[in-house]
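Biologist: Before we rely on any label attached to this model, could we go through the labels one by one and set each against its criterion?

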Amino acid sequence: QVQLVESGGGLVQAGGSLRLSCAASGRTFSNYAMGWFRQAPGKQREGVATITSSGSTAYADTVKGRFTISRDNATDTVYLQMNSLKPEDTAVYFCAAYTMGVVTTTPPRYWGQGTQVTVSS
């Protein structure tokens with residue numbers, strides 16, 4: 001079992017920055033690929049960024065060049081640095097853990113409770 005707790009959400013003006021954190025516990029964090037997802041009101045949840053156990057990253061086209069995912073295996077934490085935020089980035093952001101070191105087509109098994117990000121225009 002893996003427990004995930006997100007933090008760092010909030011209200012920010014367009015063009016601003018936020019850094020989300022996700023603290024993991026319960027299993028060997030470094031073995032798992034991790035991801036950030038988001039869900040806006042009335043929309044389906046979508047993938048934002050992923051990072052494998054070896055550190056390879058991938059991003060949705062909508063955030064490429066603005067968001068950066070990283071991980072610190074010493075503290076079992078994954079981060080999402082969000083720059084140049086836009087109102088359309090407003091959503092609940094979720095941290096998730098896959099069951100292996102690479103990103104699979106199977107959705108992540110473990111999810112955090114989510115943190116709200118609101119970007120005002």
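Biologist: Where does Ser 84 lie, and what makes its phi worth a remark?

Modeller: In this predicted model, Ser 84 is in the loop between strand 8 and strand 9, and its phi is positive, about 50°, although the residue is not a glycine. Most residues other than glycine have a negative phi.

Biologist: Why are Cys 22 and Cys 95 called a disulfide?

Modeller: The sulfur atoms of Cys 22 and Cys 95 are 2.1 Å apart, and the criterion asks for a pair of cysteine sulfur atoms within 2.5 Å, so the pair qualifies as a disulfide. A search of the whole structure finds one disulfide.

Biologist: How do you know the handedness of the disulfide, and which parts does the pair tie together?

Modeller: The torsion about the S-S bond of Cys 22 and Cys 95 is about -75°, and the disulfide is therefore left-handed. Because Cys 22 lies in strand 3 (residues 18–25) and Cys 95 in strand 9 (residues 91–97), the pair ties together parts that are 73 residues apart in sequence. Both Cys 22 and Cys 95 are buried.

Biologist: What makes up the largest nonpolar core, and which residues have the most contacts inside it?

Modeller: The largest nonpolar core has 29 residues, and those with the most contacts inside it are Leu 4, Trp 36, Val 78, Leu 80, Met 82 and Tyr 93. Among the elements that each supply at least two residues of this core are strand 4 (34–39), strand 8 (77–82) and strand 11 (115–120). Tyr 93, leaving aside its neighbours within four places in sequence, is in contact with residues including Leu 20, Trp 36, Val 48, Phe 67, Leu 80 and Met 82.

Biologist: How many cavities of 30 Å³ or more does a search of the whole structure find, and which residue classes are in the lining of the largest cavity?

Modeller: The search finds one cavity of 30 Å³ or more, and the largest cavity has a volume of about 40 Å³. Its lining consists of Val 2, Ala 24, Arg 27, Thr 28, Phe 29, Tyr 32, Met 34 and Ala 97, which by class are six nonpolar, one polar and one charged residues.

Biologist: What makes Arg 19 partly exposed, and how far apart are the C-alpha atoms of Arg 19 and Gln 81?

Modeller: Arg 19, placed in strand 3, has a relative accessibility of 47%, which is not over the 50% required for exposed, so it counts as partly exposed. The C-alpha atoms of Arg 19 and Gln 81 are separated by 4.4 Å, although these residues are 62 residues apart along the chain.

Definitions and conventions. Residues numbered from 1 in each chain as written. Predicted model: local features only at pLDDT ≥ 70, side-chain atom pairs only at ≥ 80, totals over all residues. Heavy atoms only, no water. Helix = DSSP H or I, 4+ residues; strand = E, 2+ residues; numbered from the N terminus. Buried < 20%, exposed > 50% of the residue type's maximum accessible area, 1.4 Å probe, protein only. 1 Å grid on protein atoms, 1.4 Å probe; cavity = no way out; pocket = protein on both sides within 12 Å on 5 of 7 lines; lining within 4 Å. Points joined across faces, edges and corners; volume = space filled by probe spheres on them. Nonpolar A, V, L, I, M, F, W, Y, C, P; charged D, E, K, R; others polar. Core = buried A, V, L, I, M, F, W, Y, C linked by side-chain atoms within 4.5 Å. Contact = heavy atoms within 4.5 Å.
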